[in-house]
Amino acid sequence: SNRGTMTIVTTPPGTSVYIDGKLRGVTKASPNGDNQPSLPLVLEQIDAGEHTIKLMAKNCKDASKKLLVEAGKDCPVTASLIRMFTPNYEVRTAGGRVVGILKAVNLDGVRLETAPGVIRTIPKSQIRAHGPLKD
C-alpha cells in the first residue's frame, strides 16, 4: 500500500494532533504524570507524501511542521510545545492586586501561579476580593 504511519509523542499530553487540517487524535497522559511526555499516539493509513502536522494544546503556542511520510514506514514525531503564561485570575488585597493563573481556592486562601513555575498562596485574611480576570 502507498501509506505509512505516524507515531506522535507530545509534551504536554492532551495535545490535539491535526494532519492537513483534520483532527486525527489527542495524545494521552502517561502513567508517570502530566509533566511527562505523552504516551505514543499512532496514526495509521497516512498517504505517502508531504503532510502538515499541527499540534495544539491549552495554554501552549501552536506548533506545526511539514513531514514526509514514506510508504510502509513509520514517521516518528516528538514535540514539546512552548507553554504560554496567560494569567486568568486576580486577587485584590489592601496592598493592591495580584494576578496569575488560578491553582486553587481553599480555606487557606487563593493559590496563584504568579510567574512561570512560581506558586504563591494569598492568605484569606488579606483578600478583599478575588475572581476571574475580565478580557
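Reader: In the hairpin of S10 and S11, which residue takes a positive phi, and how many residues lie between the strands?

Author: Gly-117 takes a positive phi, near 80°, and two residues separate S10 from S11 in this hairpin. Before going further, please note that this is a predicted model, in which local features need pLDDT of at least 70 and side-chain atom pairs count only at pLDDT 80 or more, while totals for chains, interfaces and linings use all residues. Residues are numbered from 1 along each chain as its sequence is written, and side-chain values use heavy atoms, with hydrogens and water left out.

Reader: What counts as a strand, and when do two strands pair?

Author: A strand is a DSSP run of E with at least two residues, numbered from the N terminus. Two strands pair if DSSP finds at least two bridges between them. In general, strands of a sheet pair through backbone hydrogen bonds, in a parallel or an antiparallel manner.

Reader: How many bridges join strand S9 to strand S10?

Author: Five bridges connect S9 (residues 96-106) with S10 (residues 109-115), and the two run antiparallel. Among the partners, Leu-102 faces Leu-112 in S10, and Ile-101 is opposite Glu-113 in S10. S9 passes into S10 by a hairpin of two residues.

Reader: In what order do the strands form the open sheet?

Author: The order is S11-S10-S9-S8-S12, five strands with antiparallel pairing. At the edges are S11 (118-123) and S12 (127-132), each of which pairs on one side only. Neighbouring strands of this sheet are turned against each other by 40° on average, direction ignored. For such angles, axes are lines fitted to C-alpha atoms (for helices, over the stretch in contact), and the angle between N-to-C directions runs from 0 to 180 degrees.

Reader: Is Glu-113 buried or exposed?

Author: Relative accessible area decides this, with a 1.4 Å probe and protein chains only: buried is under 20%, exposed is over 50%, and partly exposed lies in between. Glu-113 has 3% relative accessibility, so it counts as buried. Its partner in a salt bridge (a side-chain nitrogen of Lys or Arg within 4 Å of a carboxyl oxygen of Asp or Glu) is Lys-103, with the closest N and O atoms 3.6 Å apart. Because Glu-113 lies in strand S10 and Lys-103 in strand S9, the pair ties together parts that are ten residues apart in sequence. Salt bridges with shared partners join Arg-83, Lys-103 and Glu-113 into one network. Lys-103, at 44%, is partly exposed.

Reader: How many salt bridges does this rule give?

Author: The count comes to seven. Among them is the pair of Arg-3 and Asp-47, whose closest N and O atoms are 2.9 Å apart. This pair links distant parts of the chain, 44 residues apart, with Arg-3 in strand S1 and Asp-47 in strand S4. Arg-3 is partly exposed at 36%, and Asp-47 is partly exposed at 41%. Another salt bridge joins Arg-92 to Glu-90 at 3.5 Å; Glu-90 is buried at 14%, whereas Arg-92 is partly exposed at 41%.

Reader: Which side chain does His-51 join through a polar contact?

Author: A polar contact is a pair of N or O atoms within 3.5 Å; within protein, one must be able to donate a hydrogen and the other to accept it, and residues adjacent in sequence count only if both atoms are side-chain atoms. The side chain of His-51 has such a contact of 2.6 Å with that of Asp-20, and also reaches the backbone oxygen of Asp-47 at 2.5 Å. His-51 belongs to strand S5 (residues 49-56) and is buried, at 9% relative accessible area. Contact in the wider sense means heavy atoms within 4.5 Å; leaving aside neighbours within four places in sequence, His-51 has contacts that include Met-6, Ile-19, Lys-65 and Val-69.

Reader: How many residues has the largest nonpolar core?

Author: In soluble globular proteins, nonpolar side chains tend to be buried together. A nonpolar core is a set of buried Ala, Val, Leu, Ile, Met, Phe, Trp, Tyr and Cys residues joined through side-chain atoms within 4.5 Å. The largest one here has 17 residues, and Met-6, Ile-8, Val-17, Leu-43, Ile-53 and Leu-55 have the most contacts inside it. At least two residues of this core come from each of S1 (3-11), S2 (16-19), S4 (41-47), S5, S6 (63-69) and S7 (74-80). Apart from this core lies another, of seven residues, including Tyr-89, Val-110, Ile-122 and Ile-127.

Terms used: Helix = DSSP H or I, 4+ residues; strand = E, 2+ residues; numbered from the N terminus.
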